[in-house]
Amino acid sequence: MKEPNDIILHAVIKVAVVIILTFSINLFFSGHHNPGGGFIGGLGFSAALTLLFLAFDIETVRQNIPVDFKVLTAIGVLIAVFTGVGGIVFGEPFLTQAFDYFDIPVFGKTELATAVLFDIGVALAVIGTSMSIILSIGDDH
């Protein structure tokens, strides 16, 4: 049987994935002061990966992105929990965030906060969990 010619589909998907990933990163970083954050940024990232799984076959994408999503989930949860425990170490309540302004050469005066570390953990946990669920649904064994 002849393989279908999906050149246009693959080209459009590649562009769409770049746009979705860019928007997800924007949502992630804007989440500290505006709507967004680790959860929705992680879901957007998962949507882009799911689009790749739909356009290309699962094995091809898994060969190019060799990530164990269950391990990614565990790493994300650990980062989020340790960020929360950091407050307890300094005698503050669980999940107390710390922030300060730093003068970074290229960016100028920039706010750095521990909430970003928590959001990274949430994003990794969401990506790992959602992709594990999608791959288990898509597994045809």
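Me: Which residues form a nonpolar patch on the surface?
Reply: V77, L78, V81, F82, V85, I88, V89, F90, F94 and L95 form one, with about 980 Å² of accessible area together. Patches are made of residues with over 30% relative accessible area and no salt bridge; nonpolar side chains (Val, Leu, Ile, Met, Phe, Trp, Tyr) are joined within 5 Å, like charges within 9 Å. A salt bridge is a side-chain nitrogen of Lys or Arg within 4 Å of a carboxyl oxygen of Asp or Glu. Accessible areas come from the Shrake-Rupley method with a 1.4 Å probe, and for residues only the protein chains shown count as cover.

Me: What kind of model is this, and how are residues numbered?
Reply: This is a predicted model, where local features need pLDDT of at least 70 and side-chain atom pairs count only at pLDDT 80 or more, while totals for chains, interfaces and linings use all residues. Residues are numbered from 1 along each chain as its sequence is written, and side-chain values use heavy atoms, with hydrogens and water left out.

Me: How far apart are L72 and S132 in space?
Reply: 9.7 Å, C-alpha to C-alpha, and 60 residues apart in sequence. D68 is found in the loop between α3 (58-64) and α4. At 45% relative accessibility, D68 counts as partly exposed.

Me: New topic. At what angle do α1 and α2 pack?
Reply: About 170°, with the axes 8 Å apart; α1 covers residues 7-30. So the two helices are roughly antiparallel to each other. Axes are lines fitted to C-alpha atoms, for helices over the stretch in contact, and angles run from 0 to 180 degrees between N-to-C directions. Under 35 degrees counts as roughly parallel, over 145 as roughly antiparallel, 65 to 115 as roughly perpendicular, and the rest as oblique.

Me: Which residues make the contact?
Reply: On α1, H10, I13, A16, V17, I20, L21, S24, L27 and F28. On α2, G38, I40, G41, G44, F45, A48, L51, L52 and A55.

Me: What does S46 touch?
Reply: V126, I127, S130 and M131, not counting residues up to four places away in sequence. S46 lies in helix α2, residues 38-55. S46 is buried because its relative accessible area is 3%.

Me: Where does H32 lie?
Reply: In the loop between α1 and α2. H32 is partly exposed, at 27% relative accessibility. Neighbours within four places aside, H32 is in contact with Q97, E111, A113 and A115. The C-alpha atoms of H32 and A115 are 7.5 Å apart in space, and the two residues are 83 apart in sequence.

Me: Last one. What separates the C-alpha atoms of I25 and F99?
Reply: 21 Å, and they are 74 residues apart along the chain. I25 lies in helix α1 and is partly exposed, at 48% relative accessibility.

Notes: Helices (H or I, at least four residues) and strands (E, at least two) are DSSP runs, numbered from the N terminus. Buried means under 20% relative accessible area, exposed over 50%, partly exposed in between (1.4 Å probe, protein chains only). Contact means heavy atoms within 4.5 Å.
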